[in-house]
Amino acid sequence: MSGVAFLRRWFWAWLFGLPLLALAVWGIVDNQRLFFVTTLNGLTLAALYFLVASGFTLVFGLLRNVNLAHGSLYLLGAYIGWMVGEYTESWLLAVAAGFLFAALMGLALQVGVFRYMHGEDLRQTMATIALSIIAADVALWIWGGQIYQFDPPRWIIGSTTLPIVGKFATYRLVLLAMAIVIGLALWWFLARTRVGMMIRAGVDDRAMLSASGVNVQMVFAITFAIGAGLAGFAGVVGGTALSIAPGEDVRYLLASLVVVIVGGMGSITGAAIGALLIGLAEQIGLAYFPTYAVVFTFVIMVVVLALRPQGIMGRPA
């Protein structure tokens, strides 16, 4: 690592680390239990944001496809998972159904839309906005405006007693663990597998990868399906922790955009850092500064855009 890169990492560590450290010391002194409960809530919200944003960063950051229907994949995956769960009474089948349905929808988007609009950001934006509006209306027509929620498996229902915090929802801890495992698996897939290397090579030089005999469209379709499937997966696990309702598609699309902007496009590590910052900022703001809670997210985004426009872990264009 060069000296300049080392100094930059230290700068970012101090920029975000010092305010967080000061807030942590003040929170522990003021009300120890409230601080740790708020931190755990922030971590579990960050886990959900990461699951949605990791799929978004694969599609938006790596493939350079502007998919503003990503939130619709989250919501439709959640609804389909809920229907399967109600019919089979199996939460695991609901998770699988949400992932597979969203993955198939993503595959259809890549083959039927993005394949013919490569590099045309404006057309991609307009097309996916139109598709997201259609999907929202279709979902409202089929499932109505009711709020739905999953019943998690019996082994994760209830609460777990933790030091200082006391009782905390077991499912939220499982959600945090799932996000960590999926994050590590995605990093390994992109950094260590042959398909992951082809994806990164195709982003950097699409023509050269195609000339080497690789089916670029197939590689990109697989990537898009994985990214979309993660949105559907997040829809089911998020609907279990919170709920499924109209409007959730817009909420998680915006959250994914903010996380990817802060963390850096195309970086799984960046998505994790961005989700962590945004999740903690939201929960700490609600707990300690409820009047100004909504401002915290935008302050983080503005600071990152001002000092590092490509995101914390992003590469210069």
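Accessible areas come from the Shrake-Rupley method with a 1.4 Å probe, and for residues only the protein chains shown count as cover. On that basis the chain exposes about 15,800 Å², of which carbon and sulfur atoms supply 70%. The structure is a predicted model, in which local features need pLDDT of at least 70 and side-chain atom pairs count only at pLDDT 80 or more, whereas totals for chains, interfaces and linings use all residues. Residues are numbered from 1 along each chain as its sequence is written, and side-chain values use heavy atoms, with hydrogens and water left out.

## Overall build

The chain contains 12 helices and 2 strands, where helices (H or I, at least four residues) and strands (E, at least two) are DSSP runs numbered from the N terminus. Read from the N terminus on, the elements run α-α-α-α-α-β-β-α-α-α-α-α-α-α. Of the 317 residues in the chain, 49% are buried; here buried means under 20% relative accessible area, exposed means over 50%, and partly exposed lies in between (1.4 Å probe, protein chains only). A contact means heavy atoms within 4.5 Å, and among the contacts in the chain with a separation of 6 or more, 75% are accounted for by residues 24 or more positions apart.

## The interior

A nonpolar core is a set of buried Ala, Val, Leu, Ile, Met, Phe, Trp, Tyr and Cys residues joined through side-chain atoms within 4.5 Å. The largest nonpolar core has 75 residues, and within it Val237 and Val262 touch the most other members. Helix 9 (residues 216-241) gives the largest share of this core, namely 12 residues. Leaving aside residues up to four places away in sequence, Val237 touches Leu48, Leu51, Trp91, Tyr171, Leu175 and Met178. A second, separate core has 6 residues, including Phe56, Phe60, Val66 and Val260.

Gln283 is found in helix 11 (residues 268-288), and Gln283 counts as buried because its relative accessible area is 19%. With residues up to four places away in sequence again not counted, Gln283 touches Thr38, Asn41, Gly42 and Leu45.

## The strand pair

Two strands pair if DSSP finds at least two bridges between them, and strand 1 (residues 159-162) pairs with strand 2 (residues 166-169) in the antiparallel sense over 4 bridges. Along this pair, Thr161 stands opposite Lys167 in strand 2, while Leu162 has Gly166 of strand 2 as its bridge partner. The hairpin made by the two strands has 3 residues between them, and in this hairpin Ile164 takes a positive phi near 70°.

A positive phi is also found at Glu89, where the angle is about 60° although Glu89 is not a glycine. Glu89 is found in the loop between helix 3 (70-88) and helix 4 (91-112), and because its relative accessibility is 73%, Glu89 counts as exposed.

## The surface and its salt bridges

Which residues form a nonpolar patch on the surface? They are Trp26, Phe289, Tyr292, Val294, Val295, Phe298 and Val299, which together have about 690 Å² of accessible area. Patches are made of residues with over 30% relative accessible area and no salt bridge, like charges being joined within 9 Å and nonpolar side chains (Val, Leu, Ile, Met, Phe, Trp, Tyr) within 5 Å. The largest share of the patch, 4 residues, comes from helix 12 (residues 293-307). Val295 lies in helix 12 and is partly exposed, with a relative accessible area of 39%.

Ile129, in helix 5 (residues 121-143), is likewise partly exposed, with a relative accessible area of 33%. Ile129 and Ser72 are 57 residues apart in sequence, and their C-alpha atoms are 9.9 Å apart in space.

A salt bridge is a side-chain nitrogen of Lys or Arg within 4 Å of a carboxyl oxygen of Asp or Glu, and by this rule the count comes to 2 salt bridges.

| Salt bridge | N to O distance |
|---|---|
| Arg123 and Glu120 | 2.8 Å |
| Arg251 and Glu248 | 3.8 Å |

Arg251 counts as partly exposed at 34% relative accessibility, whereas Glu248 is buried, with a relative accessible area of 13%.
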